[in-house]
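User: I am new to reading structures. Please take one part of this protein and walk me through it closely.

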Amino acid sequence: MTITATNRLLLRNFKESDAAALLSYLGNPRVNCFKSERLSSVGEAEEYIIDKQKEAYSFAICLKESDDLIGDVFAVKKDPDTFNIGWHINQLFEGKGMLMKRQEDFCHIFLTPRTRDAYTAMSRVTISVPEDCVSVWA
């Protein structure tokens, strides 16, 4: 199921067919805080996908024209009104501006009128929600 789409990307639920692409970027996570998510095989990637399919706040980031997985975005609800938002992007697709230009759109999928704070490690963005302003911090 597609959650949201931009001109070049779409967010959708994970599919079992995403395993090889997932392994390509989580086989060797480059950011230390994600080293514990390292995957060693397609089988581990398939198990990871099964787990992610059960999570309410975890989505595949795909190229719109081909539906190829290039990363994922996720949120951890810390308090009733606070989310930590993060993402993994395959190194082959970094530096093309696809995610940075759309991160506000992606962050909106995690927000509700009661959300007060959302934190991410990417950059600082201010997102307006009814009655509140959400700060997404670097």
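Predicted model: local features only at pLDDT ≥ 70, side-chain atom pairs only at ≥ 80, totals over all residues.

Analyst: Searching the whole structure turns up four salt bridges. Oppositely charged side chains can pair when their charged atoms come close.

Start with Arg12. Its side chain meets that of Asp18 in a salt bridge, at 2.8 Å from N to O. Arg12 and Asp18 are both buried. For Arg12, the relative accessibility is 2%, and buried means under 20%.

Arg12 also forms a salt bridge with Asp67, again with the closest N and O atoms 2.8 Å apart. Arg12 sits in strand 2 (residues 9–12), while Asp67 sits in the loop between strand 3 (58–63) and strand 4 (69–79), so this pair ties together parts that are 55 residues apart in sequence. Asp67 is partly exposed, at 25% relative accessibility.

Now turn to Glu55 and Lys52. Their side chains meet in a salt bridge of 3.3 Å, N to O. Salt bridges with shared partners join Arg12, Lys15, Asp18 and Asp67 into one network. Glu55 is partly exposed at 37% relative accessibility. Lys52 counts as buried at 12%.

Last, the histidine. His88 belongs to strand 5 (residues 82–89). It is buried, with 6% relative accessibility. Its side chain makes a polar contact of 3.3 Å with the side chain of Glu37. Beyond its neighbours within four places in sequence, His88 is in contact with several residues, including Tyr25, Phe34, Tyr48 and Asp72.

Notes: Residues numbered from 1 in each chain as written. Heavy atoms only, no water. Helix = DSSP H or I, 4+ residues; strand = E, 2+ residues; numbered from the N terminus. Buried < 20%, exposed > 50% of the residue type's maximum accessible area, 1.4 Å probe, protein only. Contact = heavy atoms within 4.5 Å. Polar contact = N/O pair within 3.5 Å; in protein donor to acceptor, adjacent residues only side chain to side chain.
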